[in-house]
Amino acid sequence: MKRIIVNGANGYVASNFINELLKNNYEVIALVRGNGKFSATERVEQALVQIEHKPVKLPDNLTVYNYSLMEKNFSLSDEQLKNIFNQDADYFHFAASLKYDYKSKEEIYSTNVEGLENSIDVFSAHATGNSRFFFMGTAYSCGHFKGLFGENFYPDENISAFRNYYEWSKRLAENVVRKHIENKGLKGHVIRLSQVAGNNQTGETKTDYGIFDFAKRVHSLAKRYPGETVRAKIVPEGIQNLIPVNVVVDYLMQTVAVPKVPEIMNFVADTPVKNSYVINGLNKLLSLKIVPVPELEHSQMNSLERLLAVGMSFTGNYCNVHIRFDTSRRDEVISRRVDDCMDEETVYRMLEYFIHNVCEKTGKKKTVSVGN
Ligand SMILES: NC(=O)c1ccc[n+]([C@@H]2O[C@H](COP(=O)([O-])OP(=O)(O)OC[C@H]3O[C@@H](n4cnc5c(N)ncnc54)[C@H](OP(=O)(O)O)[C@@H]3O)[C@@H](O)[C@H]2O)c1
């Protein structure tokens with residue numbers, strides 16, 4: 001069966017992808033870093049257990065290597081490199097820092113740009129001729145772009161063209177891929193994901209990224225200040241693009257089965273999520289009432305509202321943007337469309353799952369309080 005190499009394989013999207021690959025008998029090579037507590041193999045196993053909700057025996061079609069993203073040849077031995085790259089494969093670069101703030105900008109740059117470049121170097125030095133390199137980008141590398149964001153490369157820009165350092169780094173990274181395609185003949189591809197949500201069939205949601213990070217913060221405030229009403233600077237009719245994780249996995253499965261793939265594809269949902277879905281859902285689920293006030297100024301906020309605003313430092317930037325994404329190149333590859341519905345009821349089910357199964361179980365560790 002075809003070989004698929006995945007780095008950052010213990011991450012949220014990658015582990016859902018490799019789980020499906022393994023079930024479909026692909027040969028999967030997972031590159032993961034061990035940490036002080038758990039080995040690379042244990043970390044993959046934990047990720048798969050989380051998805052399957054039961055003990056998992058690692059299958060024979062999976063091999064895990066402990067690697068160092070930033071080091072020459074990933075600090076792997078010649079023999080390991082030979083074993084990984086000795087036949088044609090699709091290689092997926094998932095590893096990334098999802099931080100976004102100014103103080104993390106060096107870490108963001110080194111992981112997302114230099115780490116990617118090193119990954120391409122390792123791939124280019126060792127992979128066989130028909131192997132393909134896929135970089136997982138973000139649709140929000142569009143930054144403050146207005147109009148229809150195409151499935152083509154855009155030039156590097158200054159941080160002011162983006163909402164945060166994460167977006168900026170992902171744009172720079174795309175252009176690293178471009179440089180290697182144009183100058184060195186890399187068989188390279190960029191897959192841009194919008195905000196990845198939970199599973200829209202089951203409601204199961206185990207990511208705390210984007211709107212779920214916001215939900216986690218509101219949950220924490222609601223525990224501390226039950227019954228309060230807080231205003232938030234949000235346009236209720238504003239939209240965000242969220243794509244269910246099962247849809248991403250399905251699209252990736254279709255991608256690996258197709259021999260000819262465009263250089264760039266936007267994996268986004270056809271219909272965006274309105275901010276009001278998130279607010280309505282949280283207002284039903286939590287004992288804190290959020291009132292969207294689009295013109296609310298920071299100086300008008302009380303201390304609780306300021307705390308909520310801090311919690312929106314990432315999500316808030318996405319609350320009022322109306323970007324449209326072209327998907328015509330994606331549609332050349334994704335011949336079997338799957339239901340990517342993220343309607344109000346689906347968003348509610350995801351928030352409900354997330355609050356009961358993630359926040360309620362982990363929320364006790366973190367608290368926030370007014371005036372701190
Ligand atoms: N989730 C989304 O909504 C979304 C949207 C658009 C694009 N994407 C892209 O999709 C990819 C996966 O995202 P995700 O949400 O699944 O992220 P995730 O769960 O945070 O996984 C990120 C992975 O990158 C690895 N990583 C980070 N820094 C590393 C380093 N210095 N060395 C080696 N590995 C490192 C992490 O390993 P450790 O566990 O060891 O830290 C983890 O395996 C990323 O490239 C992301 O930019 C995600």
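1. In this predicted model, the centres of domain 1 and domain 2, taken over C-alpha atoms, are separated by 30 Å. The domain assignment gives domain 1 as residues 3-196 together with 242-267, and domain 2 as 211-240, 272-322 and 341-364.

2. Where the two domains touch, six residues come from domain 1 and six residues come from domain 2. On the side of domain 1 that touches domain 2, three residues are nonpolar, two are polar and one is charged.

3. A pair of packed helices is described by two quantities, the angle between the axes and the distance between them. For helix H4 (residues 105-126) and helix H5 (residues 165-184), the axes come within 9 Å and cross at roughly 20 degrees. Because angles under 35 degrees count as roughly parallel, H4 is roughly parallel to H5. The crossing of H4 past H5 is right-handed.

4. The contact between these two helices involves, on H4, the residues Lys105, Ile108, Tyr109, Asn112, Val113, Leu116, Glu117, Ile120 and Ser124. On H5, the residues in this contact include Tyr165, Tyr166, Leu172, Ala173 and Val176. By class, the contact of H4 with H5 consists of ten nonpolar, four polar and four charged residues.

5. The axes of helix H6 (residues 211-224) and helix H11 (residues 344-362) come within 10 Å and cross at roughly 60 degrees. H6 and H11 are therefore oblique to each other. H6 also passes H11 in a right-handed crossing.

6. In the contact of H6 with H11, Phe212, Ala215, Lys216 and His219 of H6 meet Leu351, Phe354, Ile355 and Cys359 of H11. This contact has six nonpolar residues, one polar residue and one charged residue.

7. The ligand is surrounded by 23 residues, and the closest are Gly8, Gly11, Tyr12, Ala96 and Val196. Which elements supply at least two residues each to this shell? They are helix H1 (12-23), H4, strand E5 (132-138) and strand E8 (195-196). H1 gives the most, with three residues.

8. The shell around the ligand can likewise be divided by class: twelve residues are nonpolar, ten are polar and one is charged.

Conventions:
Residues are numbered from 1 along each chain as its sequence is written. This is a predicted model: local features need pLDDT of at least 70, side-chain atom pairs count only at pLDDT 80 or more; totals for chains, interfaces and linings use all residues. Domain bounds come from an automatic or database domain assignment. Two residues are in contact if their C-beta atoms, placed from the backbone, lie within 7 Å. Ala, Val, Leu, Ile, Met, Phe, Trp, Tyr, Cys and Pro count as nonpolar, Asp, Glu, Lys and Arg as charged, and the others, Gly among them, as polar. Axes are lines fitted to C-alpha atoms, for helices over the stretch in contact, and angles run from 0 to 180 degrees between N-to-C directions. Helices (H or I, at least four residues) and strands (E, at least two) are DSSP runs, numbered from the N terminus. Angles under 35 degrees count as roughly parallel, over 145 as roughly antiparallel, 65 to 115 as roughly perpendicular and the rest as oblique. A crossing is left-handed if the near helix is turned anticlockwise from the far one by less than a right angle, and right-handed if clockwise. A residue is near a molecule or strand if its C-beta atom, placed from the backbone, lies within 6 Å of it.
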